[in-house]
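Welcome to this short tour.

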Amino acid sequence: MSTTSMFKKRPVASGEVAAAIAQAATSPLISDPRDLSGGEPLSSHAVGAGKVGAIQDSALYIEGQTYEVPLGRIKSNPVNPKALYPHAVVDEMVNSLQEKGQLTAAKGYVEGEVVVLIEGETRFRGARAAGLPCLRIEIRPRPVDVQRLYEEARAANKDRKDGTALDDAIRWKELIERKIYANQAAIAKALKLGEDEVSRTMQLGVLPHRVVVALSEAPA
């Protein structure tokens, strides 16, 4: 049996390699490579700073109740405050779910026939990686707009001491680009932070890709 490859190699110009490296260096790591859904853009459930998508089938789940929601009916928060999910963090969650089960319910709201996460993305990714069928989610009222969705989710993360300055830098840059917040001053006012703190934090968002990757794996 012939072992000759059916594919022919062709030389690659040095300019193409340099261009590819340059493009990679400007792309922040904003999701775990094992994200089976392929990730969703920031605007997947949001149009500017307008209303979050309308509920069409709210009878499926009742606000204030907790349900085992099939993973296929869960959507990630489109403005998730946590932008980086290192392998070690997801692996730790997988081990916890397998050994102890889900200790804390995630939070989400109903949108049509799916539940959109407010917070609980690490548990969601861990459940997927572990091959679990469902995630336990407490159903909350739908935030009135995308800003409120982001602020509620970030507050939940801060209560758990989850998220880093690098997460903030990456997400704030996107939120301003999408015009969900007008500028750094608007973010500072909404989150009750000093404008100088927001400005310093956002400087992290211009770091080279390799540095972002290294920092995400060692956030301390």
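Helices (H or I, at least four residues) and strands (E, at least two) are DSSP runs, numbered from the N terminus. The model is predicted, so to speak of local features a pLDDT of at least 70 is required, side-chain atom pairs count only at pLDDT 80 or more, and totals for chains, interfaces and linings use all residues. Residues are numbered from 1 along each chain as its sequence is written, and side-chain values use heavy atoms, with hydrogens and water left out.

**Stop 1: the whole chain**

Colour by secondary structure and you will find 8 helices and 5 strands. Followed along the sequence, their order is α-β-β-α-β-β-α-β-α-α-α-α-α. Of the 220 residues, 36% count as buried; buried means under 20% relative accessible area, exposed over 50%, and partly exposed in between (1.4 Å probe, protein chains only). The accessible surface of the chain is about 12,600 Å², with 55% of it belonging to carbon and sulfur atoms. These areas come from the Shrake-Rupley method with a 1.4 Å probe, and for residues only the protein chains shown count as cover. Contact here means heavy atoms within 4.5 Å. Among contacts between residues at least 6 apart in sequence, 79% join residues at least 24 apart.

**Stop 2: the loop between α2 and β3**

Select Leu 103, in the loop between α2 (87–100) and β3 (106–111). Is Leu 103 buried or exposed? Leu 103 is exposed, with a relative accessible area of 60%.

**Stop 3: α4 beside α5**

Next, show α4 (residues 146–159) and α5, whose axes come within 13 Å and cross at roughly 175°. That makes α4 roughly antiparallel to α5. Angles under 35 degrees count as roughly parallel, over 145 as roughly antiparallel, 65 to 115 as roughly perpendicular and the rest as oblique. The axes are lines fitted to C-alpha atoms, for helices over the stretch in contact, and angles run from 0 to 180 degrees between N-to-C directions. Tyr 150, Arg 154 and Lys 158 of α4 meet Asp 168, Arg 171, Trp 172 and Leu 175 of α5.

Zoom in on Asp 168, in helix α5. Asp 168 is buried, at 7% relative accessible area. Which residues does Asp 168 contact, leaving aside its neighbours within four places in sequence? They are Tyr 150, Arg 154, Lys 158 and Thr 201.

**Stop 4: two lysines in loops**

Most residues other than glycine have a negative phi. Pick Lys 179, in the loop between α5 (165–177) and α6: its phi is near 65°, a positive value in a residue other than glycine. Lys 179 is exposed, with a relative accessible area of 66%. Then move to Lys 192, in the loop between α6 and α7. Phi of Lys 192 is also positive, near 55°, and Lys 192 is exposed at 75% relative accessible area.

**Stop 5: α6 against α7**

Finally, show α6 (residues 184–191) and α7 (residues 195–202), with axes that come within 9 Å and cross at roughly 120°. That makes α6 oblique to α7. To see the contact, select Gln 184, Ala 185, Ile 187 and Ala 188 of α6 together with Glu 195, Val 198, Ser 199 and Met 202 of α7.
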